[in-house]
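Student: I've got a model open and I'd like to learn how to read it. Can you walk me through it?

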Amino acid sequence: MAHETIREAVFNRRMLICIGTGFSSGMPLFVLIQLVPAWLRTEGVDLATIGIFALLGLPYTWKFIWSPLMERYAFPMLGRRRGWMLVMQLLLIASIGVLGMFSPQFDIWSIAAICFAVAFFSASQDIVLDAFRREILPDQELGLGNSFHANAYRISGLIPGSLSLILSDHLAWDQVFMITAAFMLIAVFMTLMVAEPDHPAARPKSLREAIVLPFVEFFNRNGVRQAVLVLAFMFLYKLGDSMATALATPYYLDMGYSNTDIGIVAKNAGLWPAVIGGFFGGLLIVKIGINKCLWIFGVVQLVSIFGFIILSEVNGELVGTPDFNPSLWLLAIVIAFEYLGVGLGTAVFIAFIARTTSKLHTATQFALFTALTSLPRTFANASTGYLVEGMGWTNFFLLCAALAVPGMILLFWVAPWGADEVA
């Protein structure tokens, strides 16, 4: 593809919109996983209670259940996508803004209820943002557009995870949450300024149609065998990578690094390589297509796991010995390479999901596919601790590398290297 075409793909209004959808989607999640735990801990809430708050993220996994409602029904103003986007964004501003008005010492259940509401509104916003993005992007821009979305998603975490925490040292928590909530006005502005996308099909005539037709269309379009292979690929492609990073912080501690080492190195060596990987991954997808990038980036993901093995072999035998001083450069290189793979893999994986989603049923199919891809993280978080205790870190990472192979093998059927595609 010519350089001019790539430049046109990067510098257009659709990419700016994708930045807006990424920021809108990421902000509420990072409020829940970064700002709220910090607030609760500084207010004296015990770690066990804070840990339970992680369960409040369940709406992100189960959002496909109510996605047909958002496909079937629409608000009278702004259209099927923008109407839902605006309502969810206004509810997010209200729910995030009132959090700081409660006391963690006396109102913990009220806080939990509001956090659940934030998660529900955020997951619901994601349903329509994903559908909206799929409908405005032509197929050749799916990779780049979704990489812009994913990068803005990551960078949005700097608001609740950095700026808001700094403000908490100078302002009361109720003011901190109000200021944080005000950043969602960026999302509202975007929603009001963009146009409703063209819908190739009318809204379902009934809720039953909204539930059944997306499944029927997917299996009819692909055939049962191919559809099952695609679903299996979605589950397996990032399984090894997800497992390898599930216990990253405890692993670094076991390798002899301090919390300060991890905080300084991981924040810088993790975020920016992922952002850079996502951006250049999107460009390469425009250049050579989704299929080839799935192969190339999948190999990078797999190879990056071996960085953990090298770190455990170099440090593992020396931890606890006199004068042992673990290398921060080695830690930075391992983290940077891993998150470069994360950025590349996420860009092409989201593009593949978007391409697999039919524009006739974007909301329900996209929600279902993204829910399926979140299952490996759940599996990883539930099993990795037992696996590490039983086999040690090096053997565990070898297992993770082996589990990355089945997803790569499925590429022969779901995304052959030389297959024709829009690129």
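Student: What radius of gyration would a compact globule with 423 residues have, and what does the chain have?

Tutor: The radius is taken over C-alpha atoms, and the globule rule is 2.2 Å times the number of residues to the power 0.38. For 423 residues that gives a value near 22 Å, and the chain has 22 Å, which agrees. Along its principal axes, the C-alpha trace spans about 70 × 55 × 40 Å. Bear in mind that this is a predicted model: local features need pLDDT of at least 70, side-chain atom pairs count only at pLDDT 80 or more, and totals for chains, interfaces and linings use all residues. Residues are numbered from 1 along each chain as its sequence is written, and side-chain values use heavy atoms, with hydrogens and water left out.

Student: How many helices and strands does the chain have?

Tutor: Both are DSSP runs: helices are H or I, at least four residues, and strands are E, at least two. Here there are 20 helices and 0 strands.

Student: What share of the residues is buried?

Tutor: Buried means under 20% relative accessible area, using a 1.4 Å probe and protein chains only. In this chain 52% of the 423 residues are buried. Cys18 is one of them, at 0%, and Cys115 is also at 0%.

Student: How many disulfides does a search of the whole structure find?

Tutor: A disulfide is a covalent bond between the sulfur atoms of two cysteines; the cut-off is a pair of sulfur atoms within 2.5 Å. The search finds 0. For Cys18, the nearest cysteine sulfur belongs to Cys293, 17 Å away.

Definitions and conventions. Buried < 20%, exposed > 50% of the residue type's maximum accessible area, 1.4 Å probe, protein only.
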